[in-house]
Amino acid sequence: MTRNTKSLILQLLILIFLPKTLFGQVNEGLDLTNLSKLNDYIEEQVKAEKLAGAEFLIARNNKIVMHSSRGFSNLETKRKLDKNSIYFIQSMTKPIISVAIMQLYERDLIDFDDEVSKYIPEVASLKVALDWSKGIDSPTEKIKRPITIGQLLSHSSGLSHGLSKNKLDRDIGKLMYGVNYPFFSDYSLHQTVESRANALLSAPLMFQPGTNWYYSAGGDLLAVIIEKVTRQTVSSYLKENIFNPLDMDDTSYNVDREALERVMPVHYTNNKKKIVLSKNQPPRRGTSLYGGTHGLYSTALDYLKFCQMIINGGKLNGERVLKKKTVDLMKINQVGSTYSRENQGFGYGFAIEYDPLLKLEEKAQSLYWGGYFNTRFFIDLKKNIVAIWMTQKLPNSSYEGYHQVLKKNVYNAIIDTE
């Protein structure tokens, strides 16, 4: 056997038996070749003019496995989308607000069974619509049980978000976000979260509290409760109690002036099925509306820290944000079988995918949610994986869109489930 032959065999053995080296294809039990297919997918979508650009981040066992971006931040200027750009995360604000409420619960300042009218008296006079087709002018009946904080967290209060196509939903959406909602929002319609919450409360409920799951803007009522209980703005409370402890320096309702160039603007698919820059953009600075349903800007790295805190049982880098038993409460399905997807439920702030064959306390497999501009995340509690997808695109593709693309590629990449 020649020296060259021996050298070639040695190199092959290194490649076979050391797959976790820097030049290998496996990191924390995830096949990087499979994960990189997300890059191919983004590039295909950009080329087909279906997407301006997107960023994704995959982490396992508290380590980043892959963090990548492709495409453009701004299609008009052709500015490249860089990793750790800043995004308007829309409803990915809701889990953060939910954690803030869980902190107040830990401090005995509120309870899940508290009637919301204790903090917002107008809630006591709400009624339930009997005919959605008549919109906010529907005949009504009295509520049979009071709305609770727990129902706001689990979207079982009877409130709406104005996203469905029935007339009552459309009317509610216009009250909260303007006549062109849900495709475009009037960001100047309300100046405070209390004003927007009052608009929501001027309409009847969709159904009796506690009887069904229905996606709602109840997060704005939670934000009002935070302000009344703490006597702080939601913005200052989140900064002091969540963002600072977790070093989420790029997460806020108003983007720092020096970071404005990092913001990816919103794009939308026009009537020719091509992606273009939207003229309707959320305000990046100067807002005083610290919403609980949406409103925060963030980055993939910042949101990873938030998710990692959850997967670690409320703690990250020596900073405890929640007790482990409080995080465990967030993972319990609160809505029975009323959540529409099989083997799923909704807890205090997150949608839950669970294993029906396991005991109740072991059921939660993963937590997930997303934002209206097609941002997505999921947290696999059993496999210790966090996956985040960021872009800024309308219309919303909901659960079946980018969430499934992200999920499919991550789970196809798992070769080591320990």
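Predicted model: local features only at pLDDT ≥ 70, side-chain atom pairs only at ≥ 80, totals over all residues.

Me: How many cavities of 30 Å³ or more does the structure hold?

Reply: Rolling a probe the size of a water molecule over the atoms shows where empty space is left. On a 1 Å grid over the protein atoms alone, a cavity is a set of points where a 1.4 Å probe fits but cannot get out; a lining residue has an atom within 4 Å of a point. Grid points are joined across faces, edges and corners, and a volume is the space filled by probe spheres set on the points. The structure holds 5 cavities of 30 Å³ or more. The largest cavity has about 200 Å³ of space. Its lining comprises 16 residues, and Tyr 187, Arg 196, Thr 287, Leu 289 and His 294 are the closest to its centre.

Me: Which residues lie closest to the centre of the second largest cavity?

Reply: The second largest cavity holds about 90 Å³ of space. Of its 13 lining residues, Lys 94, Ser 98, Leu 152, Leu 153 and His 155 are the closest to the centre. Helix H4 (93–106), helix H5 (149–154) and helix H8 (218–230) are the elements that give two or more residues to this lining. Helices (H or I, at least four residues) and strands (E, at least two) are DSSP runs, numbered from the N terminus.

Me: What lines the largest pocket?

Reply: A pocket is an open set of points with protein on both sides within 12 Å along at least five of seven lines. The largest pocket has about 760 Å³ of space. Its lining has 36 residues, with Leu 163, Tyr 215, Trp 369, Asn 396 and Ser 398 nearest its centre. Strand S16 (residues 364–371) gives the most to that lining, with 4 residues.

Me: Is helix H8 mostly covered or mostly uncovered?

Reply: An α-helix has 3.6 residues a turn, so residues three or four places apart point the same way. H8 is mostly covered, since 10 of its 13 residues are buried (under 20% relative accessible area, with a 1.4 Å probe and protein chains only). Among the buried residues are Asp 220, Leu 221 and Thr 230. The buried residues of H8 pack against H4, H5, helix H6 (167–177), helix H7 (193–201) and helix H9 (234–243). Just after H8, Arg 231 takes a positive phi of about 60°.

Me: Where is Met 309 placed, and what does it touch?

Reply: Met 309 is in helix H10 (residues 300–311). Met 309 is buried, with a relative accessible area of 0%. Leaving aside residues up to four places away in sequence, Met 309 touches Val 99, Leu 246, Gly 314, Lys 315, Leu 316 and Val 321, contact meaning heavy atoms within 4.5 Å.

Me: What is the strand order of the open sheet of 3 strands?

Reply: Strands of a sheet pair through backbone hydrogen bonds, either parallel or antiparallel. Two strands pair if DSSP finds at least two bridges between them. The order here is S10-S9-S19, with mixed pairing. Strand S10 (275–277) and strand S19 (393–394) are the edge strands, each pairing on one side only. Strand S9 (residues 267–269) and S10 run antiparallel, joined by 3 bridges, and His 267 stands opposite Leu 277 in S10.

Conventions. Residues numbered from 1 in each chain as written. Heavy atoms only, no water. Buried < 20%, exposed > 50% of the residue type's maximum accessible area, 1.4 Å probe, protein only.
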